[in-house]
Amino acid sequence: MAVVKADAYGHGSTECARKLEAEKVDWLAVATTEEAVELRTAGIEAPILCLGGCLSGQTDAFFEHRITPAVLDIDQATALEREAARRNRQMSIHVKIDTGMGRVGLPFRHVGDWLDQFSGFANLSIEGLMTHFAAADVDDEFTRTQLRRFDDVVEQFRARGHRPTVIDAANSPATVGYPAARGTMVRVGGMLYGLGDDVLPANVERPALKPVMSLKTAVTLLKFVPAGETIGYGRAFRAERESLIATLPIGYHDGLRRGLSNRGRVIVNGRFAPIVGRISMDWTTIDVTDVPNVEKGDDVVIIGSQNDVKVTAADVARHLDTISYEITCGVGRRVPRIYIPQP
Ligand SMILES: *Cc1c(COP(=O)(O)O)cnc(C)c1O
């Protein structure tokens with residue numbers, strides 16, 4: 001199952017879903033009903049699981065667009081059962097079990113009660129059982145506990161006559177770190193996009209991942225400023241020497257986070273150049289005094305590589321006390337996504 005929620009972690013969900021569908025992925029997963037409808041409207045045919053469940057008022061969309069809900073509690077099951085009965089239809093659902101993540105799903109301790117309540121539902125069939133790990137990258141003992149709880153729940157469902165065929169627990173870190181958690185399917189997001197440096201367990205062999213996204217801009221303006229001159233909002237940077245400053249048409253709206261002001265670095269002509277001054281909504285300034293031969297129009301790499309120099313989303317995230325996912329998800333809507341087919 002390829003997770004394409006949140007606009008495929010910023011990469012563009014429709015394009016990614018098309019590509020993944022062409023690669024014969026079994027399932028796609030999104031977070032919200034709207035995301036699922038968007039994919040269907042774009043012509044995506046693969047089965048789609050809505051991880052965010054079926055919120056009240058949204059039952060129709062699940063039937064009309066053939067979306068499979070991850071059912072998060074008995075109320076969602078009840079609403080879907082009622083709608084399925086009204087339409088005289090059978091609906092397949094996946095049931096989310098909370099084995100320790102603590103956000104959503106039926107608490108593993110209460111599965112018996114849930115099954116009692118569910119037993120009267122003639123129009124729903126349980127195709128899938130799933131759970132989600134809280135710390136598969138860092139907490140081995142708790143991950144094993146969650147997996148044990150999940151295995152036990154799967155047995156309880158089977159003992160009550162359910163025949164789920166899709167058993168899935170593993171996100172990216174668990175897929176790599178816990179073969180026993182792979183079930184009949186894995187739900188992989190970050191790793192698909194080549195993100196791994198900061199989300200996979202450290203003590204296992206990692207697959208060779210290649211980041212899918214590069215974020216690039218270009219030098220728009222170039223000027224020398226004398227020593228003592230300040231640059232940008234708040235005058236947060238003061239040139240200590242005569243400096244060559246390049247201005248880039250990218251700002252925090254585009255996902256170049258303001259927290260990188262005076263901290264981050266980008267690549268120009270195969271060299272690192274520091275971000276100087278505050279990043280504003282639409283503009284960013286960098287110091288290219290030490291980069292030879294910079295000209296207007298030169299490519300500037302925010303995330304990606306040039307020659308042997310690279311900046312990963314995880315590198316950017318480290319400056320901001322976050323993870324790579326938040327960086328790629330944060331690339332703004334006005335940044336054009338350009339898809340380059342790989343041989
Ligand atoms: C986002 C998400 C995933 C994917 O996690 P990755 O770490 O990106 O692989 C899997 N399952 C659920 C329920 C999720 O919300």
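**Close-up views of a predicted model**

View A. Leucine 248 stands opposite threonine 284, a residue of strand E16. The structure shown is a predicted model. Strand E13 (residues 243–248) and E16 run antiparallel and are joined by 4 bridges.

**View B. The open sheet that contains E13 and E16.** The sheet has 3 strands in the order E10-E13-E16, and their pairing is antiparallel. Strand E10 (221–225) and strand E16 (284–287) are the edge strands, each of which pairs on one side only. On average, neighbouring strands of this sheet are turned by 30° against each other, direction ignored.

**View C. Helix H5 and the residues at its two ends.** Helix H5 comprises 13 residues (74–86). From the first C-alpha to the last, H5 reaches 18 Å, close to the 18 Å expected at 1.5 Å a residue. At the start of the helix, aspartate 73 places a side-chain oxygen within 3.2 Å of the backbone nitrogen of aspartate 75. Asparagine 88 follows H5 and has a positive phi, near 55°.

View D. Ile74, Gln76, Ala77, Leu80, Glu81, Glu83 and Ala84 are the buried residues of H5. In an α-helix there are 3.6 residues a turn, so residues three or four places apart point the same way.

Key. Residues are numbered from 1 along each chain as its sequence is written. This is a predicted model: local features need pLDDT of at least 70, side-chain atom pairs count only at pLDDT 80 or more; totals for chains, interfaces and linings use all residues. Side-chain values use heavy atoms; hydrogens and water are left out. The expected span of a helix is 1.5 Å times one less than its number of residues. Buried means under 20% relative accessible area, exposed over 50%, partly exposed in between (1.4 Å probe, protein chains only). A polar contact is a pair of N or O atoms within 3.5 Å; within protein, one must be able to donate a hydrogen and the other to accept it, and residues adjacent in sequence count only if both atoms are side-chain atoms. Two strands pair if DSSP finds at least two bridges between them. Axes are lines fitted to C-alpha atoms, for helices over the stretch in contact, and angles run from 0 to 180 degrees between N-to-C directions.
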